[in-house]
Amino acid sequence: INAVLNVTCDIYNELIPLPSIESEVFRVLFYDTQKDKLLGDSFIYDVYTDPGSGRMGIKGKVSIMPGDYRMLIYTFGTESTQIENYDSWEKSKAFTSNLSEAALRSLSLKAEGDEPISYQPDHLLVASSELESIPYHTGVYTIEAEARSVVESYYLQVRVKGLEYVSSARAVLTGMAGSAKLNTREADMNDCKSIYIDLLKSTDQGDDVVCNVFNTFGRIPDRDNQLSVKFNLKTVDGRILEREYSLNELFESEACRLHHWLLIDDEIEVPKPPESGGS
């Protein structure tokens with residue numbers, strides 16, 4: 001977790017809170033190498049610091065017979081990220097739920113076409129091994145693995161003129177992967193969704209902006225895929241202002257490729273609320 005863009009490094013806006021990466025409990029799973037069958041299921045949760053590198057780790061003891069296995073280890077207990085088919089090496093995946101119709105109505109949002117809107121995933125640390133051989137031994141046999149997140153974090157920002165008239169802001173980003181396969185630790189490019197993003201008020205070099213860091217399993221890289229973001233601003237007097245931008249070129253920009261910064265070079269103008277009449 002030492003080099004997760006926009007979480008532990010490459011922070012664009014230090015005025016806003018950042019996503020956290022919880023890694024206190026891990027689930028350890030062993031599978032048959034020939035059949036897609038779960039053979040061992042344990043939890044480890046002893047936190048320690050490596051005296052040589054100073055890096056934090058998690059350790060624990062599991063009971064498993066000597067032999068050859070497929071091994072999967074992942075963070076247990078994430079809030080938004082859910083695990084499906086954990087008992088299958090081939091089918092296990094991480095995903096998030098879609099927003100309900102009631103939630104979409106309350107947020108004044110709607111899904112475009114057939115692409116549902118889902119919640120953002122929490123960072124999920126995963127380690128996997130196609131072949132883990134445990135020899136016959138006396139005492140304790142140690143397996144070491146390095147887990148990394150299957151989730152990416154991006155920073156999204158657009159300038160706003162009249163930010164004092166905005167009571168809340170949100171965005172919907174299209175063309176994102178809706179899940180990740182645990183055994184390969186890769187996003188499922190056949191599972192396309194939009195994700196919902198709460199936005200915060202902030203400033204950037206004296207300009208008022210709405211922005212936030214958001215999490216995703218990754219973007220769908222198909223060149224025919226239209227990446228876009230729709231901003232939804234609610235004013236203090238109840239108006240809803242929407243503005244949509246294409247992100248195809250922005251995702252290819254140097255700022256995005258190197259730092260995962262999506263900096264929209266435009267300004268949304270929010271008119272002053274009309275003055276109420278009276279006698």
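Mentor: We will take the labels one at a time and set each against its cut-off. Keep in mind that this is a predicted model.

Trainee: What makes up the chain in terms of helices and strands?

Mentor: The chain has 2 helices and 19 strands. Its C-alpha atoms fill a box of roughly 90 × 45 × 40 Å along the principal axes.

Trainee: Which strands form the open sheet, and in what order?

Mentor: There are 5 strands in that sheet, in the order E2-E1-E5-E9-E10. The pairing is antiparallel.

Trainee: Why do E2 and E10 count as edges?

Mentor: Strand E2 (38-44) and strand E10 (148-149) each have a single partner strand, so one side of each is left without a neighbour in the sheet.

Trainee: How do you know that E9 and E10 pair?

Mentor: Pairing needs at least two bridges. Strand E9 (residues 125-134) and E10 share 2 bridges, in the antiparallel sense. Valine 126 stands opposite arginine 148 in E10.

Trainee: How many aromatic pairs are there?

Mentor: The count comes to 8 aromatic pairs. One of them joins tyrosine 31 and tryptophan 89.

Trainee: Why is the pair of tyrosine 31 and tryptophan 89 called edge-to-face?

Mentor: Two values decide. A ring pair is described by the distance of the centres and the angle of the planes. Here the centres are 5.9 Å apart, and the planes stand at 65 degrees. A pair needs centres within 6.5 Å, and edge-to-face needs over 60 degrees.

Trainee: Which residues do ring pairs link into a cluster?

Mentor: Tyr12, Tyr155 and Trp261.

Trainee: What makes arginine 27 a charge over the ring of tyrosine 86?

Mentor: Its charged end sits 4.1 Å from the ring centre. The distance cut-off is within 6 Å, and the direction must be within 35 degrees of the ring normal. The distance passes, and the charged end is listed as sitting over the ring. Lysine 59 lies over the face of tyrosine 48, at 5.4 Å from the ring centre.

Trainee: What share of the chain is buried?

Mentor: Buried residues make up 44% of the 279 residues.

Technical notes:
Residues numbered from 1 in each chain as written. Predicted model: local features only at pLDDT ≥ 70, side-chain atom pairs only at ≥ 80, totals over all residues. Heavy atoms only, no water. Helix = DSSP H or I, 4+ residues; strand = E, 2+ residues; numbered from the N terminus. Phe/Tyr/Trp six-rings, centres within 6.5 Å; stacked < 30°, edge-to-face > 60°. Buried < 20%, exposed > 50% of the residue type's maximum accessible area, 1.4 Å probe, protein only.
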